[in-house]
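Let's take a friendly look at how the parts of this structure meet. Have the sequence and the 3D view ready as you read on.

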Amino acid sequence: MIKDSQLFQPFSEKPIRLMGDAGEWLGSFELNLDSDTLLKFYRDMLRARLFDERLLLLHRRGQVSFVAPSAGHEAAQVAVAAALKPKKDWVFPYYREPGLLLALGVPAVELFGQAMATRADPNRGRQMPAHPGSRDFNVFTVASVIASHLPPAVGTAISMKVRNTGEVVVASFGDGATSEGDFHAGLNFAGVQGAPIVFVCQNNRYAISVEYHKQTAAETIASKAEAYGLPGYLVDGMDVLACFFVMREAVARARQGFGPSLVEMQVYRLGPHSSADDDTRYRPVEEVETWKTRDPLARMHRFLAHRGLWSREEDLALRTEIEREFRQAVEDAQRAGAVPLEWMFEDVFAELPDHLREQRRDLL
Amino acid sequence: MGLATIVQTIAHTLDEEMRRDDRVVILGEDVGKRGGVFLATEALFQKYGPDRVIDTPLSEAAIIGAAVGMAVHGLRPVAEIQFADYIFPGFDQLVSQAAKLRYRSGGQFSAPMVIRMPAGGGVKGGHHHSQSPETHFVHTPGLKVVYPSTPHDTKGLLKTAIRDDDPVVFMEPKRLYRAIKEEVPEEDYCIEFGKAHLRRKGDDVVLVSYGATMAETLKAADALHEQGISAEVIDLRSLLPWDKTTVCRSVARVGRVVLVSEAPRMANFMSEVSATLTEEILDALLAPPIRVTGFDTPYPYAYDREYLPGPNRILKAVQKVLSY
């Protein structure tokens with residue numbers, strides 16, 4: 001197992017950062033990304049932010065039953081998508097990742113369709129909001145049971161390894177997931193097999209209300225990699241460039257056969273856990289306000305403006321464009337119509353067995 | 001393949017399926033060099049190598065979860081859980097991932113995989129090597145559940161399981177692993193799920209069972225024969241789907257039925273069979289269906305013989321249904 005990378009050291013004491021609070025470049029190497037790439041990062045982050053805002057609006061109108069806001073996580077999610085080959089590599093996301101799916105190219109209409117359980121949802125309305133999945137984009141359908149997607153993600157990576165397909169898996173999860181047995185089962189087996197997988201922990205310091213230090217006595221999540229024989233990287237998860245460069249290396253190493261890594265992206269959930277949560281019961285408002293000054297979008301905005309790549313006018317125009325896109329996507333998702341009752345009995349098995357045929361007949 | 005035991009048939013069938021389809025891989029604890037603690041994967045590691053016969057860490061969650069991910073990516077994994085009792089550390093992967101994947105993804109993803117496990121008591125293994133957890137599986141929509149009782153059926157059902165497009169829990173009667181030797185055909189054959197096997201024809205009472213208790217049920221039928229009572233014996237072979245048609249037809253004709261399963265009585269699979277019979281052919285019943293089952297205690301190490309539904313308890317139940 002190779003534990004070093006070209007640019008970054010695992011197990012650093014401080015999070016890897018490439019962008020300062022004022023948007024200045026901090027890297028020790030030359031930034032070799034073209035402006036289109038940099039602007040795409042920002043665009044994808046803004047789409048994630050506005051997607052959430054649209055969902056919250058739909059929730060207030062009673063059109064969506066549940067929202068898990070991802071504001072604060074956008075840089076981490078967009079960077080993961082940018083480090084992958086969409087439709088070739090696989091992602092096993094958790095429930096708070098619209099930014100990842102949108103940046104991979106999953107159409108917004110499918111995600112709104114999922115949130116509203118209409119026919120626009122390729123998952124056929126089978127789950128509550130925030131549980132999307134897409135076969136077209138190799139996005140494993142989200143399950144609510146925390147960390148339960150990690151052993152399957154490792155299985156997919158082992159399949160890639162034994163068949164030498166050159167594909168890579170990214171499996172992502174929050175800090176709470178690291179306390180589950182499946183986290184251990186997954187990282188341990190992946191390490192033994194040297195499977196091509198990158199584990200990404202979006203550590204937002206709270207599992208609903210339970211704060212980080214009640215979740216683990218370890219200083220960092222990244223340090224847990226050591227015990228599995230993997231490199232663990234500690235990254236400023238609100239710095240899209242740091243997340244991207246670390247992910248790019250981890251993915252390349254996995255693809256080249258050098259095995260898995262664990263990347264901890266330190267983020268902060270700027271909103272409540274969900275539309276059913278009141279976060280003022282467990283964290284001080286001042287803390288939230290402090291973290292808001294590190295907003296990943298604002299920081300990237302400053303970075304781009306600093307380099308003369310972005311203006312307030314361009315920003316307003318982009319917002320208007322995205323909002324128009326999402327309004328249309330919501331309309332399309334609604335127009336697709338409710339899922340029909342007959343679908344209740346389908347997809348339990350590949351073929352409808354007799355007992356379900358009888359139950360369907362009794363109901364319909 | 002000539003005369004073979006159940007456990008020899010499993011190894012032989014896995015070999016045939018691995019040769020037929022290179023997507024078939026095996027994973028589990030000790031399945032590699034050791035060939036499985038019961039030798040159900042004997043010689044396969046030497047033949048197919050470590051990429052197709054994967055010794056895993058000691059983690060049922062890793063075994064079942066990884067099998068799900070392999071299946072999603074196009075392999076046909078056959079996972080071994082060393083004893084059915086150890087399904088519980090991997091139970092969430094079975095219930096939350098394998099069973100629900102097709103449904104929750106709207107058919108976009110599926111997990112065609114087999115989870116093999118030796119089950120049942122009578123081997124002096126105490127409660128963590130003797131349980132019969134089949135009710136947990138049939139109560140989980142999305143799983144198919146199979147439980148053969150003979151070498152012949154083991155081959156045909158295991159082939160069907162490996163070729164099936166859904167997750168199949170393949171329970172194996174461990175106390176019969178080496179107890180029965182029979183002629184197993186050389187040719188490639190599959191046995192359809194949901195088709196019971198009529199093991200004996202008879203007119204006075206119907207005995208229904210599956211898995212390891214088929215042996216005791218057949219012994220009871222022999223004893224009844226000596227008393228001049230003719231018993232029809234049905235081996236369900238698969239529990240989900242189960243062959244309602246055959247069971248209802250036999251019981252409707254004979255009118256009396258005894259249902260045998262060694263799992264605990266509460267919500268025993270046979271309770272489902274009994275409920276179905278009373279709902280669907282009540283008029284044809286001459287006596288209430290009687291269950292002969294394990295007891296609602298943890299599996300008791302020191303009382304194997306009393307706990308398991310042996311021929312004597314089955315005969316007692318037959319006397320009861322005949323007394324109506």
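## Where the parts meet

Within chain B, 26 residues of domain 1 are in contact with 27 residues of domain 2. Keep in mind that this is a predicted model. To find the two parts on your screen, look for domain 1 at 2–184 and domain 2 at 197–322 of chain B. Their C-alpha centres lie 26 Å apart.

On the domain 1 side, B:Lys124, B:Tyr147 and B:Arg175 lose the most area to domain 2 of chain B, together 26% of what that side buries. B:Arg175 also forms a salt bridge with B:Glu262, at 2.8 Å from N to O. Helix 6 (134–138), strand 6 (144–146) and helix 7 (151–163) of chain B each supply at least two residues of the domain 1 side.

Now turn to the two chains. Here 43 residues of chain A are in contact with 38 residues of chain B. The count is 1 salt bridge between them, and A:Glu358 forms a salt bridge with B:Lys244, with the closest N and O atoms 2.8 Å apart. Helix 5 (150–163), helix 6 (181–193) and helix 12 (354–363) of chain A each give at least two residues to the side touching chain B. Helix 5 of chain A provides the largest share, 9 residues.

Here are the buried areas:

| Interface | Buried area | Share from carbon and sulfur atoms |
|---|---|---|
| Chain A and chain B | about 3,300 Å² | 63% |
| Domain 1 and domain 2 of chain B | about 2,100 Å² | 56% |

Key:
Residues numbered from 1 in each chain as written. Chains lettered and ligands numbered in written order. Predicted model: local features only at pLDDT ≥ 70, side-chain atom pairs only at ≥ 80, totals over all residues. Heavy atoms only, no water. Contact = heavy atoms within 4.5 Å. Buried area = accessible area lost by both parts, 1.4 Å probe. Salt bridge = Lys/Arg side-chain N within 4 Å of Asp/Glu carboxyl O. Helix = DSSP H or I, 4+ residues; strand = E, 2+ residues; numbered from the N terminus. Domains from an automatic or database assignment.
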